Amino acid sequence: MHPTESDEWLDELVGTWTEMYKKSMVTLTILREVAAAGWASVDEVAVAFGQTTGWTITERGLYRTMRRLASSGVLATVEVDVPRTGAKRKNFELTDFGKRYLKRLEAEVIA
């Protein structure tokens with residue numbers, strides 16, 4: 001069965017809406033993932049983000065967003081040792097301000 005013109009138009013409208021609003025939902029989704037995990041690394045957030053949304057986000061975009069949230073006081077960071085490598089990894093946690101910010105975002109977007 002071939003899609004109707006109406007079905008094709010609906011697909012286009014939903015696709016356009018999704019692409020536009022997906023970008024604004026990234027911050028909310030990242031904050032929700034960090035809140036659920038407690039402390040989380042960027043890698044852990046990336047995996048959870050993909051599982052929750054089905055979307056992909058570049059590592060660069062995710063790092064940029066999380067650094068911006070940390071510099072805004074929404075996320076706290078701590079460097080932890082990576083076992084057997086000597087390298088450091090940043091873990092992120094919601095600050096008290098970040099928890100309030102998340103609640104406000106959820107109230108605005110979800111309610």
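So, α1 and α2: the crossing where α1 passes α2 is right-handed. For handedness, picture the near helix against the far one: turned anticlockwise by less than a right angle is left-handed, and clockwise is right-handed. Helix α1 covers residues 5-37 and helix α2 covers residues 42-53. Their packing angle is about 115 degrees, and the axes sit 10 Å apart. Those axes are lines fitted to C-alpha atoms, for helices over the stretch in contact, and the angles run from 0 to 180 degrees between N-to-C directions. When I say helix or strand, I mean a DSSP run, H or I with at least four residues for helices, E with at least two for strands, numbered from the N terminus.

Quick housekeeping. What you're looking at is a predicted model, where local features need pLDDT of at least 70 and side-chain atom pairs count only at pLDDT 80 or more, while totals for chains, interfaces and linings use all residues. Residues are numbered from 1 along each chain as its sequence is written, and side-chain values use heavy atoms, with hydrogens and water left out.

Back to that pair of helices. Which residues of α1 and α2 meet? From α1 we have Val26, Thr29, Ile30, Glu33 and Val34, and from α2 they meet Val45, Ala48, Phe49, Thr52 and Thr53. Contact here means heavy atoms within 4.5 Å. Sorted by class, this contact of α1 with α2 has 6 nonpolar, 3 polar and 1 charged residues. For the classes, Ala, Val, Leu, Ile, Met, Phe, Trp, Tyr, Cys and Pro are nonpolar, Asp, Glu, Lys and Arg are charged, and the others, Gly among them, are polar.

α1 and α3 pack at an angle of about 75 degrees, their axes 11 Å apart. α1 and α3 are therefore roughly perpendicular to each other. The scale is: under 35 degrees is roughly parallel, over 145 roughly antiparallel, 65 to 115 roughly perpendicular, and the rest oblique. On the α1 side, Thr27, Ile30, Leu31 and Val34 meet Leu62, Thr65, Met66, Arg68 and Leu69 in α3. The residues of that contact split into 6 nonpolar, 2 polar and 1 charged.

Let's stop at two of those. Leu31, in helix α1, is buried, with a relative accessible area of 0%. Buried means under 20% relative accessible area, exposed means over 50%, and partly exposed is in between, with a 1.4 Å probe and protein chains only. Leaving aside residues up to four places away in sequence, Leu31 touches Leu69, Val74, Leu75, Leu94, Tyr101, Leu102 and Leu105. Over in helix α3 there's Thr65. Is Thr65 buried or exposed? Buried, with a relative accessible area of 13%. Thr65 touches Thr27 and Ile30, again not counting residues up to four places away in sequence.

That leaves α2 with α3. These two pack at about 115 degrees with axes 11 Å apart, and that makes α2 roughly perpendicular to α3. The α2 and α3 crossing is right-handed. Here Val42, Val45 and Ala46 in α2 meet Leu62, Tyr63 and Met66 in α3. By class, this contact of α2 with α3 has 6 nonpolar residues, no polar and no charged ones.

On to the sheet. It's an open one made of 3 strands, in the order β1-β3-β2, with antiparallel pairing. β1 (40-41) and β2 (75-81) are at the edges with a single partner strand each, so one side of each has no neighbour in the sheet. Two strands count as paired if DSSP finds at least two bridges between them. β1 pairs with β3, residues 88-94, over 2 bridges: Ala40 has Phe92 as its bridge partner, and Ser41 stands opposite Asn91. Between β2 and β3 there are 7 bridges, and Glu79 stands opposite Lys90 in β3.

How do the helices sit on it? α1 lies across β1, β2 and β3, at about 95 degrees to β3. Helix α3, residues 59-71, packs on the sheet too, touching β2 and β3, and its direction makes about 115 degrees with that of β2.

Arg84 is in the loop between β2 and β3, and its phi is near 65 degrees, a positive value in a residue other than glycine. Most residues other than glycine have a negative phi. Arg84 is also exposed, with a relative accessible area of 85%.
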